Number of protein chains: 2
Amino acid sequence: MKEQLQAGFVTTQADCYPSRVHAMPKVLARQDPVVYSDWTTASPLTRAQTESYARDGFLVLPHLLKPGEVVCLQREMAVLQGDTEGVDPELLIREPGSGALRSIFKVHEISRIFTRLAGDRRLAGIARFLLGDEVYIHQSRLNFKPAFRGKEFYWHSDFETWHVEDGMPRMRALSMSIVLTPNRSYNGPLMLIPGSHRQYISCVGETPDNHYVQSLKKQEYGVPDDDSLRALAETGGIETPLGPVGTVILFDCNTMHGSNSNITPFPRSNFFAVYNALSNRLVAPFGGKRPRPDFLAKRGTPQALPIHEGDIA
Amino acid sequence: MKEQLQAGFVTTQADCYPSRVHAMPKVLARQDPVVYSDWTTASPLTRAQTESYARDGFLVLPHLLKPGEVVCLQREMAVLQGDTEGVDPELLIREPGSGALRSIFKVHEISRIFTRLAGDRRLAGIARFLLGDEVYIHQSRLNFKPAFRGKEFYWHSDFETWHVEDGMPRMRALSMSIVLTPNRSYNGPLMLIPGSHRQYISCVGETPDNHYVQSLKKQEYGVPDDDSLRALAETGGIETPLGPVGTVILFDCNTMHGSNSNITPFPRSNFFAVYNALSNRLVAPFGGKRPRPDFLAKRGTPQALPIHEGDIA
């Protein structure tokens with residue numbers, strides 16, 4: 001039954017990317033650029049890197065951070081993981097079943113070092129270039145895929161969720177994942193489908209209320225259908241970037257991605273930050289439901305992210 | 001509470017490899033050879049292959065079968081997968097949740113082509129050499145790891161189960177997995193821990209009655225503990241053999257192995273046969289419970305496997 005739209009959550013903006021409204025899945029063409037700036041010799045990526053990102057919807061940068069900086073980030077991660085006493089329980093997501101810590105959200109606000117990292121020119125400068133605008137952090141988190149019992153994360157386009165559940169109008173956002181434990185082929189690494197960002201999979205079904213509480217543990221709505229996924233993977237293949245610790249993996253908000261389970265004794269952890277263009281700030285959710293909480297999707301009138309120069313220490 | 005031993009299922013043989021009897025896990029040394037024959041120039045493996053198998057507990061043979069034979073096996077697999085009408089439902093194992101077909105057991109008895117494959121000199125000859133005896137098929141199956149919803153298979157030593165639940169006395173058996181769809185790093189391939197076959201992880205806890213009904217879907221008893229697994233993997237690492245279709249992966253009955261989930265659109269299927277030495281035939285289960293059914297563990301007085309020469313067609 002279609003729930004009554006709640007006053008204050010109805011957007012007046014046209015919905016370029018409808019999803020969870022039809023009984024059958026649909027594949028829609030992307031209506032937005034991938035790279036919003038013209039490349040020049042002053043750009044923070046090479047021309048080849050820029051073209052690769054535009055074509056594939058992701059880019060791997062293995063040596064962006066220095067080894068000493070990576071150690072500093074790993075130490076801070078261990079501190080946060082080891083002592084969650086002072087952290088708002090809402091920010092802590094645990095594995096279904098084992099109860100192991102899976103994510104800590106809003107980490108760019110609760111940790112000085114991750115605030116510094118998110119605003120580092122080497123990361124944020126690339127985001128500003130690719131999105132052609134000032135940026136702010138839409139969401140950040142530390143992800144822990146625990147050893148032995150780390151569960152899979154099913155295929156999804158982040159944008160689909162951010163659009164329907166959070167009210168992100170256009171595809172003008174990107175994610176950066178900073179690898180903090182060695183990624184191996186067998187410990188459930190991030191899988192990406194090259195080229196998938198150029199199509200939008202409109203999913204079937206309707207979003208239930210407070211969907212996010214469950215979806216952070218196990219995705220059940222906003223799930224792309226088998227046929228669309230098969231078509232994307234048969235065209236683009238599947239890539240699993242496996243850089244050393246400190247590697248930065250950038251990917252477009254609409255790139256289809258997921259990861260398998262991890263039964264190995266080797267946990268997989270990363271810092272994850274979503275940069276959104278300041279001009280692309282959230283409106284009312286296009287799904288017509290109450291917006292998700294602030295730690296998942298920064299609302300209101302965000303300020304441009306202050307940029308930091310120099311090394312992280 | 002310790003269940004009363006059932007008359008007729010008590011073995012008089014000493015238990016060299018006790019498991020599921022202690023409150024704490026134990027690591028015991030292997031008391032049996034890995035390769036039971038002396039290598040000669042007439043052996044069906046090279047000296048290097050034989051040494052590699054003895055050291056690692058597994059061996060990968062990419063070109064043992066001809067392309068035309070592989071096509072024939074794939075066709076037969078598709079027939080069996082597509083029409084299970086005439087098959088005893090007990091032999092069909094389905095995925096928890098989705099109900100997708102996960103395995104067909106006893107396939108070397110219900111399919112003429114897989115009977116032929118199991119007895120092929122190129123496979124059975126190697127088994128006879130490594131086990132230093134005539135052999136018979138302890139168990140066989142087709143495994144389908146479905147696309148999108150293929151679940152993980154947790155770490156285990158096959159021998160631990162075969163010993164406790166089936167009454168296999170000694171480590172004198174091996175498995176052969178014949179790859180029938182492309183193994184990729186990301187579709188939940190077999191993971192093996194090199195060298196793990198030289199230690200026996202005695203698991204904690206007790207086996208419930210009719211454990212096999214659940215364990216074929218999700219392993220919960222006879223599960224190695226985290227510390228032992230971590231020690232094995234830190235010493236030996238983890239290997240994921242990724243040969244083309246037709247690749248044969250041999251592994252010792254005590255090699256620790258498992259696989260992650262498969263959310264990709266690419267299913268992973270293989271034919272799996274367990275060769276046991278004729279002299280190592282089953283006695284009463286060492287766990288003291290009723291034996292598992294015949295399709296999981298061939299009992300009685302098995303005959304030596306007839307060997308077939310020439311191509312499979």
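**A helix and its surroundings**

In this predicted model, helix α8 of chain A spans residues 226-236, and within this helix A:Ser228, A:Leu229, A:Leu232 and A:Ala233 are buried. These four residues lie on the same side of α8(A), because the arc they cover around the axis is only 125°. The other side of α8(A) carries exposed residues, namely A:Asp227, A:Glu234 and A:Thr235. The cover over the buried residues of α8(A) includes three strands of chain A: β1 (26-29), β6 (153-156) and β9 (199-202). After α8(A) comes A:Gly237, which has a positive phi, near 75°.

Within chain A, strand β7 (residues 173-179) runs antiparallel to strand β10 (residues 248-252), and 5 bridges join the two. One of the residues involved is A:Leu174, whose bridge partner in β10(A) is A:Asp252.

Strand β7 of chain B (residues 173-179) is mostly covered, with 7 of its 7 residues buried. In a regular strand, side chains alternate between the two faces of the sheet. In β7(B), B:Ala173, B:Ser175, B:Ser177 and B:Val179 point one way, whereas B:Leu174, B:Met176 and B:Ile178 point the other way; all are buried. Two strands of chain B pair with β7(B). One is β12 (residues 268-277), which pairs with β7(B) in the antiparallel sense over 7 bridges; here B:Val179 has B:Asn270 as its bridge partner.

B:Met176 and B:Tyr275 have the most contacts inside the largest nonpolar core, a set of 49 residues. The element that gives the most to this core is helix α5 (residues 121-131) of chain B, which supplies 7 residues. Another core, of 48 residues, lies apart from it and has A:Val70, A:Leu130, A:Ala273 and A:Tyr275 among its members.

It remains to relate the two chains. Chain A is superposed on chain B by a rotation of 180° with 0.0 Å of shift along its axis, at an RMSD of 0.0 Å. This is the relation of a two-fold axis. A:Ser261 is the residue of chain A that comes closest to the rotation axis, its C-alpha lying at 2.7 Å. Both copies use the same surface, since 100% of the contact residues of chain A recur in chain B.

To return to the part requested, α8(A) has a buried side with A:Leu229 and A:Leu232 among its residues, and another side on which A:Asp227 is one of the exposed residues.

Conventions:
Residues are numbered from 1 along each chain as its sequence is written. Chains are lettered from A and ligands numbered from 1 in the order in which they are written. This is a predicted model: local features need pLDDT of at least 70, side-chain atom pairs count only at pLDDT 80 or more; totals for chains, interfaces and linings use all residues. Side-chain values use heavy atoms; hydrogens and water are left out. Buried means under 20% relative accessible area, exposed over 50%, partly exposed in between (1.4 Å probe, protein chains only). Two strands pair if DSSP finds at least two bridges between them. The arc is that of the directions from the helix axis to the C-beta atoms. Contact means heavy atoms within 4.5 Å. A nonpolar core is a set of buried Ala, Val, Leu, Ile, Met, Phe, Trp, Tyr and Cys residues joined through side-chain atoms within 4.5 Å. Copies are superposed by least squares on the C-alpha atoms of residues with pLDDT of at least 70 in both.
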